[in-house]
Amino acid sequence: MNKKDEIINACIHLISQKGLDLSSMQNIATEVGLTKSTLYFYFDSKDSLLKEVYNYCHDRDALACNEGIAECNGAIEKLLKRFENIIAYAMNNTDMAKVEGIFEVAPQFQNEVANAHKDFLNDILSIVEEGVENKEIKEMPSWLLAQTYFGFCEVMYKRFIANPELWEDESIKTYCKEIIINILKKEEN
């Protein structure tokens, strides 16, 4: 891990413990074993560091979401895999999940959050469109199905972060998958 990533990871840990306002450049420098002036060599401001932290978290989320998707057969299987991936990722990376939640409500990062959501929605939309084209997914506006799926996943993501023990319950996982299938699957004639 390079020094910049080490600083970002220390910042993630501090933000998850103390929030944005209490994670000062001095605290971050101390956590990594640097002087404050050396920290400014890597990041010209706290704001630029925080934007990099958010982008770092988002990039890892996106990689986790898409892991194993190429091997899936069909759009619904891909969307079920995405859901499972992102929840498992959050359960295994609780500091990053907390940090993303903190950024979501921070007014100064609404552009970054909106862009991240747009990226996720575009990925989902392309899978939904593939499923509609292949007559696997309901013939409804693709954007509506993508937004509905995204909304369900986002709510469940937050619920599982707040109550990680729920993700241990196999019946809850099964119910979530059934809901996703019911949202998307084209009804048989």
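In which helix is Y157 found? Y157 lies in helix 8 (residues 142-162); helices here are DSSP runs of H or I with at least four residues, numbered from the N terminus. Before going on, note that this is a predicted model, where local features need pLDDT of at least 70, side-chain atom pairs count only at pLDDT 80 or more, and totals for chains, interfaces and linings use all residues. Residues are numbered from 1 along each chain as its sequence is written, and side-chain values use heavy atoms, leaving out hydrogens and water.

With a relative accessible area of 13%, Y157 is buried (buried is under 20%, exposed over 50%, partly exposed in between, using a 1.4 Å probe and protein chains only). Leaving aside residues up to four places away in sequence, Y157 touches D61, I86, I87, A90, A97 and E100, where contact means heavy atoms within 4.5 Å.

Now for the charged pairs. The structure holds nine salt bridges, each a side-chain nitrogen of Lys or Arg within 4 Å of a carboxyl oxygen of Asp or Glu. One of them joins the side chains of D47 and K51 (3.7 Å, N to O). These two are about one helical turn apart because they sit four residues apart in helix 4 (residues 46-66). K51 also forms a salt bridge with E112, with the closest N and O atoms 3.7 Å apart. That pair links distant parts of the chain, K51 being in helix 4 and E112 in helix 7 (residues 110-133), 61 residues apart. E112 is buried, at 15% relative accessibility.
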